[in-house]
Amino acid sequence: MSQVWKYPVALDPVFIQDIPEGAQFLDCQYQRASGTPQMWWRVDPGRPLVKRTFLVVDTGQDMPDAARYLATFEVGGYVRHLFVFEVL
């Protein structure tokens with residue numbers, strides 16, 4: 001059985017988050033209630049956690065080719081883009 005879990009998106013250029021193995025990315029948006037961007041994943045809570053490395057870049061910034069696009073979101077008047085380095 002799966003559940004939808006949310007995780008905070010750090011506005012640091014690179015951050016690491018533990019997410020259950022095999023999780024499916026759903027969305028990333030600024031959440032007014034928390035005051036921060038969040039990402040939502042469909043997870044099996046019984047699966048082991050794996051470390052995933054994320055990258056947040058502003059429009060026009062350089063970025064590595066190896067990063068896989070996940071979502072675009074707006075925060076503080078800036079448009080930012082979320083990428084992940086691990087294969088999903």
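Trainee: What percentage of the 88 residues in the protein do buried residues make up?

Mentor: Buried residues account for 34% of the 88 residues. Buried means under 20% relative accessible area, exposed means over 50%, and partly exposed lies in between, with a 1.4 Å probe and protein chains only. This is a predicted model, in which local features need pLDDT of at least 70 and side-chain atom pairs count only at pLDDT 80 or more, while totals for chains, interfaces and linings use all residues. Residues are numbered from 1 along each chain as its sequence is written, and side-chain values use heavy atoms, with hydrogens and water left out.

Trainee: How many helices and strands are there in the protein?

Mentor: Helices (H or I, at least four residues) and strands (E, at least two) are DSSP runs, numbered from the N terminus. The protein has 0 helices and 7 strands, and its pattern along the sequence reads β-β-β-β-β-β-β.

Trainee: How many aromatic pairs does a search of the whole structure find?

Mentor: Rings of Phe, Tyr and Trp (its six-membered ring) pair if their centres lie within 6.5 Å; planes under 30 degrees apart count as stacked, over 60 as edge-to-face and the rest as tilted. The search finds 4 aromatic pairs. One of them joins F15 and F54: the ring centres are 5.1 Å apart and the planes stand at 20°, so this pair is stacked. The pair links distant parts of the chain, with F15 in strand 2 (residues 14–20) and F54 in strand 5 (residues 49–58), 39 residues apart.

Trainee: Are F15 and F54 buried or exposed?

Mentor: F15 has 7% relative accessibility and counts as buried; F54, at 0%, is buried. F15 and F54 also belong to one aromatic cluster with F25 and W41.

Trainee: What is the geometry of the aromatic pair that Y69 and F83 form?

Mentor: Y69 and F83 are edge-to-face, with 5.6 Å from centre to centre and 70° between the planes. Y69 lies in strand 6 (residues 68–75) and F83 in strand 7 (residues 78–84), 14 residues apart. Y69 is partly exposed at 44% relative accessibility, whereas F83 is buried at 10%.

Trainee: How many salt bridges does the structure hold?

Mentor: Side chains of opposite charge can pair when their charged atoms come close. A salt bridge is a side-chain nitrogen of Lys or Arg within 4 Å of a carboxyl oxygen of Asp or Glu. The structure holds 3 salt bridges.

In one of them, the closest N and O atoms of K51 and D18 are 3.2 Å apart. K51 is in strand 5 and D18 in strand 2, 33 residues apart. K51 counts as exposed at 58% relative accessibility, and D18 as partly exposed at 30%.

Trainee: Which parts of the chain does the salt bridge of R47 and E21 tie together?

Mentor: The side chains of R47 and E21 meet at 2.7 Å, N to O. R47 lies in the loop between strand 4 (36–43) and strand 5, and E21 in the loop between strand 2 and strand 3 (24–31), so the pair ties together parts 26 residues apart in sequence.

Trainee: Where do R80 and D58 lie?

Mentor: R80 and D58 form a salt bridge at 2.5 Å, N to O. R80 is in strand 7 and D58 in strand 5, 22 residues apart. R80 counts as buried at 15% relative accessibility, and D58 is partly exposed at 25%.
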